[in-house]
Amino acid sequence: MSAQSTAEWINTKEYQDLNFARKDLVINPAKACQPLGALVCALGVEGCLPFVHGSQGCAAYFRNNLSRHYREPISAVSDSMTEDSAVFGGQKNLIDGMENAYTLYKPKMMAIFTSCMAEVIGDDINAYVDKARLDGVIPEDFPIALAHTPSFKGSHITGYDNMLKGFLQELAKPRNEQELNDRLYVVSGFDPSPANLREIKRLLGKMGVEYTLLPDYSDVVDSPNTGTFEMYPGGTPMNEVVDALNAESFLFLQSYSTSVTRKYLKKENVPLEMISMPMGISNTDRFLMKVSEMTGKAIPAEIDEERGRVVDAATDAHPYIHGKRFALFGDPDVLLGTVNFLLEMGGVPVHIVSTNGTPAFQTEMEELLDSSPYGKSATVYVGKDLWHLRSLLINDPVDMLIGDSHGKYAARDAGIPLVRIGFPITDRVNLHRYPTVGYEGTLNLITMIANAFLDEKDRNSDNAHFELLR
Ligand code: SF4
């Protein structure tokens, strides 16, 4: 078969059927591995040095991927396990690595998480850390959060979750009902956008809420360029993590990237609530009302005005989004937020692919789709990859693809625009500096999507229809 005929054949329905029947091969999955998510979480606690117990190549991949997304140096170390550690165990690597990292980089704490090799050979990292303390390699009271993050299970969102639980287990003192701290602890979940974290903080600040965002890596992955490198430029203050179990309550803004942590908090009798990611007007309304209900703080007029402006912007842009067909891929919580937004705008989701989605996510998404007349044409695919999505785009075309940069190849083959939301975004600048949550984020979503359609219209118009007014 020639290259030309193969290129034509992969666009046929016959090929799609073979592609959909594929079982033992994954092509371009829309997910990263557990330790990458753990690293993002580890960046979000004050003075914490992320430490990969595993091979150097894994650490290089995480740092490289994150640096390309944030265009920022990402500090993390690894104990460089090689073939001999795979045979004899990684104890020596871990202890030597801890000593070097502690001496050279002077962190306030370390977060140690594993890569595949350490998990395959069953390294007992708890015992290794105990030995390091006994041997005096690190001080007895030096905090070290641990997480097992095997990549042959789960994805980056699971790794984030396991690491967050590791922080609470290591740092937080037991809950004492007589010593509650009156703070609302907010967990955004795996959200690759520092602008989203800042937007959540801005809204909580405007409401006058005493809060802790946990973890908070917004200043670490997006620090100001002052000409001087700072190794630990931000993060949730450690004393607030220590006091976390004494929170008045926790509010989770994602479900599928926080289930392990929520289970842990329930076991520790910490009250918590969970809502959908505040993307779109109705989800943002629910977020603000939930915060108001939990804290007794009123939503100020200033935020009401923001809402009014976004409703106006949605009305202006409505004709360009209403009735358009969309394909989407990404993490479960981000997809739920984005689809909620599209349904508000009269957009029609058609293909929804989540490689790291679960049957529970599929049910939740189908209920959301059922709640709107615009959701009736959609099919939800969990555990499927971007090669599966490509066949869908070719044989059941849509007007736009929404997802991260990995979608650009399928979008090009299908001749449709890609609006970039999710992780990683490695081929456009500064998108992580524009929120997609809150009313401000909804305004950005409206602007990105409607203008992408208008750009397409201009690019594809003949002379007779190339208009100044759109
Ligand atoms: S999948 Fe495993 S081996 Fe590959 S980068 Fe992730 S942790 Fe390392």
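P215 is located in the loop that connects β6 (211-213) with α11 (238-242). In this predicted model, the peptide bond leading from L214 into P215 is cis, its omega being near -10°. As background, most peptide bonds are trans, and most residues other than glycine have a negative phi.

Positive phi values also occur. N28, which is not a glycine, has a phi of about 60° and lies in the loop between α2 (13-21) and α3. S80 has a positive phi near 50° and is placed in the loop between β2 and α5 (83-88). S80 has 16 C-beta neighbours inside 10 Å, so it too counts as partly exposed. R71, the residue that follows α4, has a positive phi near 55°.

| Site | Angle | Value |
|---|---|---|
| L214 to P215 | omega | near -10° |
| N28 | phi | about 60° |
| S80 | phi | near 50° |
| R71 | phi | near 55° |

Helix α4 spans residues 56-70, 15 residues in total, and extends 21 Å from its first C-alpha to its last, close to the 21 Å expected at 1.5 Å a residue. Its buried residues are C58, A59, F62, R63, L66, H69 and Y70. Viewed down the axis of α4, these buried residues fall within an arc of 130°, so they line one face of the helix. The pattern can be related to helix geometry: an α-helix has 3.6 residues a turn, so residues three or four places apart point the same way. On the face of α4 turned away from the buried side are the exposed residues G57 and N64. The buried residues of α4 pack against α3 (34-42), β1 (48-53) and β2 (77-78).

Strand β1 is in turn paired with β3: the two run parallel and are joined by six bridges. Within this pairing, C48 has M109 of β3 as its bridge partner. Strand β3 (residues 109-114) is mostly covered, with five of its six residues buried. β3 also runs parallel to β4 (residues 144-147), to which four bridges join it. Here the bridge partner of A111 is A145 in β4.

Which residues surround the ligand? They are C33, P35, C58, Y61, S115, C116 and S151. This shell comprises five nonpolar residues, two polar ones and no charged ones. C58, one of the residues around the ligand, is also among the buried residues of α4.

Elsewhere, Q254 sits in the loop between β7 (249-252) and α12 (259-267). Is Q254 buried or exposed? Q254 counts as buried because 25 C-beta neighbours lie inside 10 Å. Beyond its neighbours within four places in sequence, Q254 is in contact with S188, G189, F190, M277 and D333. The C-alpha atoms of Q254 and A450 are 26 Å apart in space, the two residues being 196 apart in sequence.

How values were computed:
Residues are numbered from 1 along each chain as its sequence is written. This is a predicted model: local features need pLDDT of at least 70, side-chain atom pairs count only at pLDDT 80 or more; totals for chains, interfaces and linings use all residues. A residue is buried if 20 or more other C-beta atoms lie within 10 Å of its own, exposed if 12 or fewer, and partly exposed in between; C-beta atoms are placed from the backbone. Two residues are in contact if their C-beta atoms, placed from the backbone, lie within 7 Å. A residue is near a molecule or strand if its C-beta atom, placed from the backbone, lies within 6 Å of it. Ala, Val, Leu, Ile, Met, Phe, Trp, Tyr, Cys and Pro count as nonpolar, Asp, Glu, Lys and Arg as charged, and the others, Gly among them, as polar. The expected span of a helix is 1.5 Å times one less than its number of residues. The arc is that of the directions from the helix axis to the C-beta atoms. Two strands pair if DSSP finds at least two bridges between them.
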